[in-house]
Amino acid sequence: MMRGAKGGIGIIELLAITAGSIVVGAAAGAADLEAGRALYDDKCAQCHGLSGEGDGVAADALDPRPRDFTSGSFKIRTTPSGELPTDPDLASIIERGMPYTGMPAWDFLGDEAIANLVAYIQTFNEDFADPEMRVDPVEIPSPPAMTEESVEKGRQVFVENKCGECHGDQGRGDGESAPTLMTDAGIPIRPADMTKRWTFRGGSSRSDIYRTFTTGLDGTPMPSYADSIDEEQRWQLVDYVYSLSEDEPGYGSVVVAQPVEGPLSLDPGDGSFANAPVTRFPMLGQVTDPGRAFAPAVNAVEVRAVYNDEEVALLVSWHDIAGRREGSNRPNGRDAAPADAALSDAVAVQLPSKHGGTKPYMFYGDPANSVDLWFYEAGANEARVYLGRGEENLAPAPAGGDEIRAKGVYEDGRWQVVFVAPRGSGDAQRVPQETFVPIAFSVWSGLARESGNRRAISSWYHLYLAPPDTGEAYKAAGMMGLGALVAELLVVASVRRSQAGGQS
Amino acid sequence: MPDKQNGRGLPVIAQVALVFAGAYLLLRFSVQPPIPSSVLGMYMFFVGVSLMLFVSSDDDRFAEFKRPLIQLLTAREHKVPRLVLGTVFPLLVAYLGYAGAHTEIAPPGQQRTVHPAPPNEIDFKGKRIDVLTAENPFRHLAEEEPEAFREHVARGKDVYYRNCVFCHGDNLEGDGLYAHGLSPIPANLADPGTIAQLQESYLFWRIAKGGPGLPVEGTPWDSAMPAWEKFLDEDEIWEVILFLYDFTDQHPRSWEE
């Protein structure tokens, strides 16, 4: 098959350009602008726009929006607030990408190609060409050891400098002013959730965090504290921020429910949940059905579960920068909610209606295999049950839905919603023990105006009711250990006896 | 009794240990795909038995093999190592017992055919499309009108970055913004094992009907791949197909090949 002349560039050409630029770069000690342009038009323009204005075809669906290179304003810099980034700053962010945004990591392009891109994107703003506008980076010293004391002192620095006004007292992004924050371009922006370090745009190492509040994130409300916090306190603050989060999200795939005695509680603070393991699931934009959510507010849920003979209780929690109880919400529908309607937060748990049949389609089931949707609406502070046979065919459950109870609490940036549902029996068996029951989640943020299909979703995962721990593993360990000891003593005894016999 | 009776330098017990360890490393690390641990345990059992047979087949060799062991178990000067070994061994066995009885809770694996057989024909917004023979209406332009062809590719690129990039990623490698939360993960379209193995009409079917259009062996219930007929018209689908091959420098499979 023949292929026509090409206007864009393919892998081979790309390699050639990269190889060529190595030669050129080595000879002239300078980047190759033409190569940079070609690569930019091929790989970057779809988001950042052909003329660098951040208006590529994909831009409207991205939040945060792609950087407008003509503005000269960059988030991740080692230079003081308001200054242009250095070449290595740009190269490093292109190479590393910006986690949980549309900006991917381009490390596979190689250093030379990235250097060409850095040179080319600087042509979009003439200040880059003016040596007077280029300033020296601030020094980022190597981090001192992190100690319990530095973390404690860092908490004080956090409080004194009012980081919590935006980031929330517990760092979950729920500060008082969080819902009102805007970028310089007038687009709402959420403060970082410090309990999820892996989502930091500029990287999650201690040096990255130091750089963030030393130089600030230009174009956003995140200020520079270069003048107000001295170096020692800055490291303490780094350590405090660092201590709020695990290293990795550690996403899981099974909620393991623990058996408990007695009735199940709707109180998320109930002690029985404390012994149940937490599983974190990633939440994604619902982009499969019309009414798509390209940048949902919520990026993960954490789930625990307990059960007794009759019922199962799920504690679903997630972070949002505000908890909305005003108004109402709904799980289905393609159209955006009317602009004047107050939207409350909501969460839904989805399970197959019938145990053991064909798995229903992950988006609200299909005509042949329906799902039960336990929909908790914060406005009403209760659950409604829906029966789903597809995105366009989700209706209140005909009967028997009201035995599912739910209550939610929003505090310090975290929703905790408890669902208690009958496990069912016989034909209506819903959640049998020691079986992997498919389970999926949806979350709606009222503040972000999510409703119906505009929501965060998870894939299908599993709920598993673990049998009571009868200590089988310890029993096995004890028996085998003891067996080994006895065997050992017998061998020693017999060897000694035979040796003694042999000598005599 | 001469110390190195078989004249081969290493004491018999060390030889046995070396062969045993060597067999383990070989089986454990050099075989692909990796041998399951239960099978590995069985193999190692046979290796152990064979070594014992070898050692005991010759009386002198057996005696030499046993000597250091007997010394360890009886000699006064070996008291400390004896005690250490005597404690460590039952603990190790106890741990194995624990690990054996304590299984991780993991859902059963699921069989899935990645490129299942397509239906013969599909209904696309009221139009019949033959999945085996339909041709990309713009493909012939590649030779006849290269400029018009480039325009269709460019339009396909726009379609891709407006719709597909979130899952299939900027470089078409299946690693988009949402890929970490999907199972099955989005197809890596740059991999020579995907679109280069398929006809354009097959891609048309997969794109138009998405996850819900898969047969059972393709686990339609788990696939987040949208049915793009809900969003795109016929031309847009053929154009984005042009772009997929163009960007990854691949060619569709055709019947003539």
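B:Ala14 counts as partly exposed because its relative accessibility is 25% (buried means under 20% relative accessible area, exposed over 50%, partly exposed in between, with a 1.4 Å probe and protein chains only). This is a predicted model, where local features need pLDDT of at least 70, side-chain atom pairs count only at pLDDT 80 or more, and totals for chains, interfaces and linings use all residues. Residues are numbered from 1 along each chain as its sequence is written, chains are lettered from A and ligands numbered from 1 in the order in which they are written, and side-chain values use heavy atoms, without hydrogens and water.

**Around B:Ala14**
- You can find B:Ala14 in helix α1 (residues 12–29) of chain B; helices here are DSSP runs of H or I with at least four residues, strands are runs of E with at least two, and both are numbered from the N terminus.
- B:Glu147 is 133 residues from B:Ala14 along the chain, and 74 Å separates their C-alpha atoms.

**Two helices that meet in chain B**
- In α2(B), B:Met52, B:Phe54, B:Val55 and B:Ser56 meet B:Arg61, B:Phe62 and B:Phe65 of α3(B), where contact means heavy atoms within 4.5 Å.

**Chain A as a whole**
- Chain A has eleven helices and 14 strands.
- Its C-alpha atoms fill a box of roughly 90 × 80 × 70 Å, taken along the principal axes.
- Of the 504 residues in chain A, 50% are buried.
- Among chain A contacts with a separation of 6 or more, 64% join residues 24 or more positions apart.
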